[in-house]
Amino acid sequence: MTTFAELGLAPDILRALDDMGYATPTPIQEQVIPLALQGGDILGAAQTGTGKTAAFALPLLQRLLPFANNGTSPAKHPIRALILTPTRELAIQVEESVKAYCKHIPLRSLVVYGGVNINTQIPILKTGIEILVATPGRLLDHVQNKTLMLNQVNTLVLDEADRMLDMGFMPDLKRIVALLPVQRVNMMFSATFPEEIRKLADSILNNPTFIEVARNATAVTVTQVVHPVHHERKRQLLTHLIKTRDLKQVLVFTGTKLGCNRLANELNKLGLHADAIHGDKTQQERIKALDAFKAGTLRVLVATDVAARGIDIEALPYVVNYDLPHNAEDYVHRIGRTGRAGAMGEAISLVSESETRYLRDIEKLIGSPLATTIVPGFEPGAADVPVYQQPRSPRPERAVEPVVERPVERAPEQRSAPRSKPAASRDSLFDAPYVPGTAATVAPVANRQPPKKQVAALFRSPVKPESAGQ
Ligand code: AMP
């Protein structure tokens, strides 16, 4: 097994990794670190939870070692590395990691993001910092205010580029890249590679090496299960699962901000300590909820996709999809919050009839059907209302309105392309009439081990045999 020392990392970095308890590199670290130490551009296909932060941050820090100094003059600490992330939460976490990795090195880092008073960030910027982690909008605010200079940046990292695209940050990214010196090392990470991301990669990266780790695949340590249920009984089923299984630290995803608030309130009324995070919450509220959740004092954290982006909690044990995401790739992102760095995790999806199309999209994306189990007493055929109160003809289920959250810090200038059309609804699960007391289990299918490539050529279209020799 390869060690961090064998990857060529410096003793001061190895010491920090030791302090953090990192024993061996993860697959993406094994592949990215040696290449990045040589200064090559990298395009990484890796989801959150694979250890990609250290994969880009460690070589970045090592390449800055010659510049590390204890000088007090700001001129001795120009911004040399810029790490861009789509959300404040991810930015905060990345910078926390960077700080921990350079614990024994006199390099300074700072995180800047929108939604908080810009004036609090300025004095620290003035003292000089080498590594800046930023969300794109706030970075441009600082550029406009002339409170930072980017003319000495020699390394650029774009983290979760697909999410930046989804959030409408593409014009901001282009403006930022235009401000950087041409001579620099670039690393870009994305879980998915739609056309626009490939174009962005083409425009930013210079002859990059493409590194792929479990692309579009869910972490193999995550057990995934689907519980079909009537949409009106989801809350009861969630409460039932949490209480009967005594689940702690449960991250629950809802499709809308409204639903997020409502569910957290209802869970609290039912005696489960819950809080909500979504785009309408202030940064302080989000951080408070996250900290309580991390510390284990908050049992359930209800979140929307954007707010939960990049949440990094050691060994988060449970992720619940209360609403299935309408975009299958979000499923992969969501459940990437659990089963991290080898820890075991469980992803539970509560699926109502109207969501079967999204389930089918997810199964198509991850390449295997999900194990499906009906929880006794929560058979999907009926809502929990007495028979005499049920309408004569079945009430059509209200579709969950997708609410696309926008980055709070700045209005997007570009909307992402519409998502793929939903497929036809999944067959029989919801067709059977409700028979009280029956329980059924649809045969579980083992989660497929995702294919793993070593280093693949970057999006080169396959050479056709007939043209190969030309
Ligand atoms: P990331 O994918 O960068 O968000 O990392 C996911 C989690 O794995 C974080 O909590 C890291 O601190 C942790 N981690 C990253 N690399 C390692 C490693 N080599 N050994 C143990 N934990 C790691």
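Which residues are linked with K52 in a network of salt bridges? In this predicted model, the network is made up of K52, D159 and E160. The closest N and O atoms of K52 and D159 are 2.8 Å apart, and the two residues form a salt bridge. This pair links distant parts of the chain, with K52 in helix α3 (residues 52-64) and D159 in the loop between β5 and α7 (161-166), 107 residues apart. K52 has a relative accessible area of 3%, so it counts as buried. D159 is likewise buried, its relative accessible area being 0%.

Side chains of opposite charge can pair when their charged atoms come close. A search of the whole structure finds 16 salt bridges. One of them joins R245 to E346, with 2.7 Å between the closest N and O atoms. Here again the pair links distant parts of the chain: R245 sits in the loop between α10 (234-244) and β9 (250-253), whereas E346 belongs to strand β13 (residues 345-351), 101 residues apart. R245 has a relative accessibility of 36% and therefore counts as partly exposed. For E346 the value is 16%, which means that this residue counts as buried.

The next stop is strand β6. Six of the six residues of this strand (residues 185-190) are buried, so β6 is largely enclosed by the rest of the structure. In a regular strand the side chains alternate between the two faces of the sheet. In β6, V185, M187 and F189 point one way, while N186, M188 and S190 point the other way, and all are buried.

Strand β6 has pairing partners in β1 and β5. Strand β1 (residues 42-45) pairs with β6 in the parallel sense over four bridges, and G44 has F189 of β6 as its bridge partner. Strand β5 (residues 155-158) also runs parallel to β6, joined to it by four bridges. In that pairing, L158 stands opposite M188 of β6.

Just after α2 comes G39, which takes a positive phi of about 90 degrees.

Finally, attention turns to F253, which lies in strand β9. With a relative accessible area of 1%, F253 is buried. Its contacts, leaving aside residues up to four places away in sequence, are A303, T304, D305, A308, V319, V320, N321, Y322, D323, R334 and R337. One of these contacts, A303, is 50 residues from F253 along the chain, yet the C-alpha atoms of the two residues are separated by 5.0 Å.

Definitions and conventions
Residues are numbered from 1 along each chain as its sequence is written. This is a predicted model: local features need pLDDT of at least 70, side-chain atom pairs count only at pLDDT 80 or more; totals for chains, interfaces and linings use all residues. Side-chain values use heavy atoms; hydrogens and water are left out. Buried means under 20% relative accessible area, exposed over 50%, partly exposed in between (1.4 Å probe, protein chains only). Helices (H or I, at least four residues) and strands (E, at least two) are DSSP runs, numbered from the N terminus. Two strands pair if DSSP finds at least two bridges between them. A salt bridge is a side-chain nitrogen of Lys or Arg within 4 Å of a carboxyl oxygen of Asp or Glu. Contact means heavy atoms within 4.5 Å.
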